[in-house]
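Here are a few friendly notes to read with the model open beside you. Could you look through them in order?

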Amino acid sequence: MESRCKFWLPKKNRFCANAPLNDSLFCGNHNSRPEGQWIPCPIDPSHSVLDKNLEGHVKRCPFLKQAESLSHQPFYQKGINAGDEGEQEEKQTLAFNDSRLPNIPISSPLDNISSEMKRNAVHAMTLPELCNLIEKIESVHELFSKDIQESYQMPETCNLWIKREVEERKLPFQEKHVMQQASILGNLETSGVLNTSQRRKLSECEKSDKEDDGVPAVIEFGAGRGYLTQMLADCYGIKRVFLVERKSYKLKADRSLRQNERLTLERLRIDIEDLDLSAVESLKGVSFLAIGKHLCGPATDLTMRCCFPEYRKDNNEHYNANKYFQGLAIATCCHHLCQWKHYINKKFFLNLGMTKEDFHAITWFTSWAVDANHDSDLADIANCRSHLQSTEKEKCDGYESGDEKVLANMKAVERAALGFKCKRIIDMGRLMWLRERGLDSQLLRFVPLSISPENHLLIAKSSNPV
């Protein structure tokens, strides 16, 4: 007890078990934070460091070795899929040019607009500005809401997973994840990206040297533990898999996947923002299918840009093409994290008369979509529309105070309805971007709200399959 941290943990009814720091009663987690300017570590922003200690920290950061190794990979190209926002981006890059940093990949904390910054900007709006923005959201949503269809799929091919008859170690921790994965694959099958002739039940997975015609390689972006790929490989006989994930996870599906002698697996530990697919040696000349569940915030935009890298033609015209792309299925989520810099279709917002500031406000509103009870009332957002509009009109006509009071007085169901509309608008811009590239694309609700409020699925199919 004498060598333990003196911080009391009431839920565990004991003191912290970590060793205290020198000349302190507490460990590093519970010791009071020194005063000074704390900034995100430029090597890995998941932790912070005092600005005055930055030079020493970057030399011994636990993630330094990984960053140095990544910088030598041929498929690493810093910010290749990041997008841009013109002069502002250049200013940010110059502002973070610090001679104390080693020559390794770094992450600039100035790239992102935080949720707090978005909230403050919304609360700084005048009441007429807020009402005008809400009216824009309502009008835009009305234009595109009919383009979103429900498609809850539970394919027979995935029955062994749905009925939880596969090995326990393969299954996600919660049943709802199996239902979401099955519906994603079912929608891929329905759309024709996965053909029914390519089905391969677990009981029929005999060893064979013959290649399955038409089955592309699969790249799972934001793969996490890789359970979606695990189901896809088990049920559809995919033979080549790439898992893209910047973090390290325990209890991954990799071990089980590597035991499949018919399958080749490669895990790329890299941020999607920095991944040059054309430089992945084992993927050159190979057609591929891109999947992801759930791709948080800008990760969806980064993935789309990664699949369709931008080339310059005749020095002044840009076009996007990838002849090896076969299809895409991305379940989007965490729209409140989206950033203007990364967003794939800024033109969509600008053409609707919306600004970058409007975009950031809309992303902040999306966090309200998960606030309410999703059992039944919010299944049809249209039911909330007229009530929300009339309520907002009354507020805009009746309140003379700031918009913070207006927002605070909105009911949870109203806030959630507005949040869902904002999510749909953001995803609709992504859908339009895919269609502009000649892809057969859809935006679907792939599971009921009671399973997950993050239930938007982007599906795209190449019109010129290899």
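**Notes on the model**

1. With a relative accessibility of 48%, Lys-247 counts as partly exposed, a class between buried (under 20% relative accessible area) and exposed (over 50%), with a 1.4 Å probe and protein chains only. Lys-247 sits in the loop that links strand 7 (240-244) to helix 9 (254-258); helices (H or I, at least four residues) and strands (E, at least two) are DSSP runs, numbered from the N terminus. Between the C-alpha atoms of Lys-247 and Asp-271 there are 8.5 Å in space, while 24 residues separate the two in sequence.

2. A word on the basis: this is a predicted model, in which local features need pLDDT of at least 70, side-chain atom pairs count only at pLDDT 80 or more, and totals for chains, interfaces and linings use all residues. Residues are numbered from 1 along each chain as its sequence is written, and side-chain values use heavy atoms, with hydrogens and water left out.

3. Is Asn-345 buried or exposed? Asn-345 is buried, at a relative accessible area of 3%, and belongs to the loop between strand 12 (325-333) and helix 11 (346-351). A polar atom of the Asn-345 side chain is 2.8 Å from the backbone oxygen of Gly-429. Leaving aside residues up to four places away in sequence, Asn-345 touches Gly-429, Met-432, Trp-433 and Glu-436, where contact means heavy atoms within 4.5 Å.

4. Next, a helix pair. Helix 7 (residues 175-191) packs with helix 8 (residues 227-236) at an angle of about 55 degrees, and their axes are 10 Å apart. Axes are lines fitted to C-alpha atoms, for helices over the stretch in contact, and angles run from 0 to 180 degrees between N-to-C directions. Helix 7 and helix 8 are therefore oblique to each other; under 35 degrees counts as roughly parallel, over 145 as roughly antiparallel, 65 to 115 as roughly perpendicular and the rest as oblique. Helix 7 contributes Val-178, Gln-181, Ala-182, Leu-185 and Glu-189 to the contact, and helix 8 contributes Tyr-227, Leu-228, Met-231, Leu-232 and Tyr-236.

5. How do helix 4 and helix 12 pack? Helix 4 (residues 115-123) and helix 12 (residues 356-365) meet at an angle of about 110 degrees, with axes 9 Å apart, and are therefore roughly perpendicular to each other. Their contact involves Ser-115, Lys-118, Arg-119, Val-122 and His-123 from helix 4, with His-360, Ala-361, Thr-363, Trp-364 and Phe-365 from helix 12.

Definitions and conventions. A polar contact is a pair of N or O atoms within 3.5 Å; within protein, one must be able to donate a hydrogen and the other to accept it, and residues adjacent in sequence count only if both atoms are side-chain atoms.
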